[in-house]
Structure formats: C-alpha cells, structure tokens
Amino acid sequence: QVPVVESGGGLVQPGGSLRLSCAASGSILTIYYMGWYRQPPGKQRELVAGITSGGSTNYADSVKGRFTISRDGAKNTVYLQMNSLKSEDTAVYYCNVNEGLRTYWGQGTQVTVSS
C-alpha cells in the first residue's frame, strides 16, 4: 500500500548517466504535479525538477542541460534522466506527487557519483 515508490539509484562514475523512476499507486487518481527532490549529505532537501499535468517542466539551475524529467501518464510514472553526472549530484533522491489537496513522498533512492 505504499503510494509512491522510487527506483533506479546506484553508484556511477563522474560523467555517467542514471535514470530514476517514480511510480504512483492506482489509488492516486488525479495527479497535477510530479517532481524530484534531493537531499545531499548534511544539506536540506531541494527541488531538482518537476512536471505538471499539462507537461510544463521546471529545473534547478544546477541541473539544467543535464537532467530531463518526463512522465508516463498511463502508468502514473515520472522519470528523471540524469546525464553528465557530477560528484555534487550525490544525494538521496525523493519523488513528490501532488493531487491538489494532498502530497505524497516516496522513501528515496540513493545516487552516488564517485570514481
């Protein structure tokens, strides 16, 4: 009965790529917004990228040109394609799902960028 589940994290070398996935359960019928946040070690959680039901996207300045967020509406799934990864991208990445009145958070998936 976990409403939001992330996957796809792992260890990657600098310059490498990863794709994160976030699946929302069928109990969430209407999704207006899905986004990715991250929390580096010792820092606060911050917005990485988001996408609305209409397809509008927004990105943190630090990831523009490197990360791409996309959505599969049929599966209530959002993806984060991460390219040209840097050590400063190391963090726990969390998925956020908003249905208007309620917001759901996943448990997080670890991304480590190191040589």
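**Reading burial, strand pairing and salt bridges**

Reply: Asp89 is buried, because its relative accessibility is 1%; buried means under 20% relative accessible area, exposed over 50%, and partly exposed in between (1.4 Å probe, protein chains only). This is a predicted model, in which local features need pLDDT of at least 70 and side-chain atom pairs count only at pLDDT 80 or more, whereas totals for chains, interfaces and linings use all residues. Residues are numbered from 1 along each chain as its sequence is written, and side-chain values use heavy atoms, with hydrogens and water left out.

Me: With which side chain does that of Asp89 meet in a salt bridge?

Reply: A salt bridge is a side-chain nitrogen of Lys or Arg within 4 Å of a carboxyl oxygen of Asp or Glu. Here Asp89 meets Arg38 (2.9 Å, N to O). Arg38 lies in strand S4 (residues 33-39) and Asp89 in the loop between S8 and strand S9 (91-98), 51 residues apart. Arg38 is also buried, at 4% relative accessibility.

Me: How many salt bridges does a search of the whole structure find?

Reply: The search finds five. Among them, Glu99 meets Arg102 (2.8 Å, N to O); Glu99 is buried at 15%, whereas Arg102 is exposed at 51%. Salt bridges with shared partners join Arg38, Glu46, Arg66 and Asp89 into one network.

Me: Why is strand S3 largely enclosed by the rest of the structure?

Reply: Strands (E, at least two residues) and helices (H or I, at least four) are DSSP runs, numbered from the N terminus. Five of the seven residues of S3 (residues 18-24) are buried, so the strand is largely enclosed.

Me: Which strand pairs with S3 over six bridges?

Reply: Two strands pair if DSSP finds at least two bridges between them. Strand S8 (residues 77-82) pairs with S3 in the antiparallel sense, and Val78 in S8 is the bridge partner of Cys22.
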